[in-house]
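Colleague: I have a model open on my screen and would like to learn how to read it. Could you walk me through it, feature by feature?

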Amino acid sequence: MSINQNYKLNVIQWYPGHIAKAEKNLKEQLKRVDVILEVRDARIPLATHHPQTSEWVGSKPRVLVINRLDMISSQVRSQWVEWFKNQNQVAYFTNAQRGQGIPAIAKAAQAAGIELNQRRKDRGMLPRPVRAVVIGFPNVGKSALINRLLGKRVVESAARPGVTRQLRWVRISEQLELLDAPGVIPSRLENQNAAVKLAICDDIGEASYDNQLVAAAFVDIINEMLETHPQLLTSNPLLERYQIDSIIHTGETYLQLLAEHRYKGDVERGARTLITDFRKGLLGSIPLETPPL
């Protein structure tokens with residue numbers, strides 16, 4: 001799904017110091033890890049894939065976790081399951097907030113480590129817990145996932161990118177230890193289409209983008225979805241919520257109309273409301289990406 005080229009004028013870049021430091025520490029810790037749990041956002045499973053993951057992971061087993069299952073329809077989920085299957089990947093869908101799909105993740109991580117302990121046994125060594133690391137973009141639900149795996153709250157999790165600041169080991173069970181790592185993002189966001197989607201989904205720091213440009217891009221994405229994949233949307237979400245149809249307008253024009261209609265001409269307030277309503281799920285389930293053909 002391409003986004004109007006105008007957004008290129010306002011390039012989104014975000015790479016705070018704590019993330020640069022975390023990435024360096026993460027690379028060092030990866031040597032000690034047996035299994036990688038890569039967490040992505042179900043609304044944007046491609047945009048939340050860090051391009052360097054494969055390079056970091058190497059030949060180690062990887063468990064692909066697609067979180068925020070509640071934010072997409074079962075139809076969209078089926079399409080992604082199928083698509084990942086064609087890429088020879090098993091996608092585990094979770095709603096970490098509610099604890100959906102969590103037992104399967106623990107099982108998959110332990111299964112990936114069985115081989116490790118078999119090798120240790122063959123060498124006459126005692127078994128040890130499997131060491132897994134949870135990686136992904138900021139705010140995709142890594143800490144919530146760890147808390148669910150543990151069954152109690154130990155890791156501070158908040159709906160704000162960049163809450164986890166350092167790496168820490170957490171013991172899940174006799175068989176599993178987890179490293180909770182801060183969110184990592186590429187030092188340069190080369191793909192601005194993906195960067196806009198990260199901003200819409202709140203998976204990147206707020207200081208890096210302009211709300212109005214991002215909200216306008218969001219409207220354009222919805223319009224494109226209405227034209228190309230109407231069956232994946234429950235309805236015409238913007239018309240239903242704000243009583244103004246978006247399909248005949250560009251995102252920019254729609255924002256102006258929304259501001260005049262509801263917020264006394266305050267475009268910034270309109271933009272913030274639009275993005276917040278989407279993030280809270282008040283516009284229904286809207287996927288911002290569909291599996292590539």
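Modeller: Gladly! Let's start with burial: a residue counts as buried when its relative accessible area is under 20%. Keep in mind that this is a predicted model.

Colleague: Which relative accessibility does Arg68 have, and is Arg68 buried or exposed?

Modeller: Arg68 has 18% relative accessibility, and because the cut-off for buried is under 20%, Arg68 counts as buried. Arg68 sits in the loop that runs between β2 (62-67) and α3 (74-86). Its backbone deserves a look too: the phi angle of Arg68 is near 70°, which is a positive value in a residue other than glycine.

Colleague: Where does Asn139 lie?

Modeller: Asn139 is in the loop between β4 (130-136) and α5 (142-150). Its phi is near 70°, again positive in a residue other than glycine. With a relative accessible area of 12%, Asn139 is buried.

Colleague: Which residues is Leu274 in contact with, leaving aside its neighbours within four places in sequence?

Modeller: With those neighbours set aside, Leu274 touches Ala215, Phe218, Val219, Leu238, Tyr242, Leu255, Leu258 and Leu283.

Colleague: At what angle do helix α6 and α7 pack?

Modeller: For a helix pair, look at the angle and the distance between the axes. Helix α6 (residues 192-200) packs on α7 at about 105°, and their axes are 10 Å apart. Angles of 65 to 115 degrees count as roughly perpendicular, so α6 is roughly perpendicular to α7. On the α6 side, the contact is made by Val196, Lys197, Ala199 and Ile200; on the α7 side, by Val214, Ala217, Phe218 and Ile221. By class, that contact has seven nonpolar residues, no polar ones and one charged.

Colleague: How many aromatic pairs does a search of the whole structure find?

Modeller: Four. To read a pair, check the ring centres and the angle between the planes. Trp80 and Trp83 have ring centres 5.6 Å apart and planes at 90°, so this pair is edge-to-face. The two are three residues apart in helix α3, which means about one helical turn separates them. Both Trp80 and Trp83 are buried. Ring pairs also link Trp80, Trp83 and Phe84 into a cluster.

Colleague: What about the rings of Phe218 and Phe278?

Modeller: Their centres are 4.8 Å apart and their planes are at 45°, so that pair is tilted. It links distant parts of the chain, with Phe218 in helix α7 and Phe278 in helix α10 (residues 267-279), 60 residues apart. Phe218 is buried at a relative accessible area of 0%, and Phe278 is buried at 2%.

Colleague: One last stop: where is the place of Ala91?

Modeller: Ala91 belongs to strand β3 (residues 91-93), and it is buried, with a relative accessible area of 15%. Ala91 and Leu64 are 27 residues apart in sequence, yet 5.3 Å apart in space, C-alpha to C-alpha. Leaving aside neighbours within four places in sequence, Ala91 is in contact with Leu64, Ile66 and Phe84.

Technical notes:
Residues numbered from 1 in each chain as written. Predicted model: local features only at pLDDT ≥ 70, side-chain atom pairs only at ≥ 80, totals over all residues. Heavy atoms only, no water. Helix = DSSP H or I, 4+ residues; strand = E, 2+ residues; numbered from the N terminus. Buried < 20%, exposed > 50% of the residue type's maximum accessible area, 1.4 Å probe, protein only. Contact = heavy atoms within 4.5 Å. Axes fitted to C-alpha atoms, helices over the stretch in contact; angles between N-to-C directions. Parallel < 35°, antiparallel > 145°, perpendicular 65-115°, else oblique. Nonpolar A, V, L, I, M, F, W, Y, C, P; charged D, E, K, R; others polar. Phe/Tyr/Trp six-rings, centres within 6.5 Å; stacked < 30°, edge-to-face > 60°.
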